[in-house]
Amino acid sequence: MAYLTEYSFRQLVKTTEIKDLDRINLQFFISNIYENSYLFYFFNQFELKTLFKEKLILSSDKNYILTYREVPVRNDDLNYVIKIKGKVKYHFDKGCEALNRGFKNFFIPEAVVRLKNHDIEKHRLIVDDIRNWFITNNLTIERYEGGEINSLTITKMYNSYFPDKYNIEPISISQSDNEQNNFQWYIAKKTNNVEIEKTTFDYDIFLKNIIELIKKREYLCNSRTMQNLSRYDYLLGQNDDDIIKIINTNIEKGILNEVSPNFIDNYGLSSLKEFWGKHKKLKQEAYSELSEYFKWTYNLKEKQFDNLYLESFNLEACSLCGNKKQDNTL
């Protein structure tokens, strides 16, 4: 039996495609994903297909053929100081050190991350310099966890070097005594198995949460116009000119047929982005609820993933517990 972390399960979902599925409509959602029409309107087509892929992988439904999208290696998105590389792993041993060590890294500052949208070469140059700078100055996870350095220490060192060298804005430092009010370089996430115990899921609480989320969305999307625009919350984070162009183009094409041509002028772009932010939060909560429901419904604790199946979807065996497994068979 192969074990997956939450991250590796997400990678499996990400690289999976459903053959001959063009579009998910309301009736398909009710029949094949979850029998509640209100939940359908939370999600766009990409998210609906991702939800359905999760369910198919967990349920082993043979009515649909799953194919894989080849991703040779894990992509380095340049958002972290320590480079993320190699293929995503699956594990043979639930006690494997690598399975339970979690994710630990340092964030690249936001001012540098934003450069990837308009100056790719400068962005790559600074990220490489920051990574080498961390090594040169011995800014390690071990020293951070041991209390020898903290985020404020790193920020002061960073501000004395990078802003002047590359003409970028420094990281602001709060005057508050609370260190948590400053930019936090360090990130640590516990690695969770995607297995879920039956006793940890309460169906009644799940239903209560779903009903509450539906009510909140109905209150937020209180007109046909806002319901129409909610599907475009993926634009949050793009630059203002692109947002305006996409919305206006879709209004002209009749795709956003419930939205007035003067909507952005009257409502305001900042108000629209605030609306999208609230909608995305509700959607993420709804997605999480449904995802946990699928894991409980199909008793993922007993789910066995065949290693050849996982490898066909571009996952590879962990070398630590793989070697241990091999030694035990000799």
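Q: Over the ring of which residue does the charged end of Arg 217 sit?
A: Happy to start here, with a note that this is a predicted model, where local features need pLDDT of at least 70, side-chain atom pairs count only at pLDDT 80 or more, and totals for chains, interfaces and linings use all residues. Residues are numbered from 1 along each chain as its sequence is written, and side-chain values use heavy atoms, with hydrogens and water left out. A charge sits over a ring if NZ of Lys or CZ of Arg is within 6 Å of the ring centre and within 35 degrees of the ring normal. At 5.5 Å from the ring centre, the charged end of Arg 217 sits over Phe 42.

Q: How are the rings of Phe 40 and Tyr 41 paired?
A: Rings of Phe, Tyr and Trp (its six-membered ring) pair if their centres lie within 6.5 Å, with planes under 30 degrees apart stacked, over 60 edge-to-face and the rest tilted. By this rule there are 33 aromatic pairs. Here the centres are 5.1 Å apart and the planes at 85°, so the pair is edge-to-face.

Q: Is Phe 40 buried or exposed?
A: The charged end of Arg 231 sits over the ring of Phe 40, 5.2 Å from its centre. Buried means under 20% relative accessible area, exposed over 50% and partly exposed in between (1.4 Å probe, protein chains only). Tyr 41, at 36%, is partly exposed. Phe 40 has 7% relative accessibility, so it counts as buried.

Q: Which residues is Thr 50 in contact with, leaving aside neighbours within four places in sequence?
A: Thr 50 is buried, at 13% relative accessible area. Taking contact as heavy atoms within 4.5 Å, the residues are Val 13 and Tyr 287.
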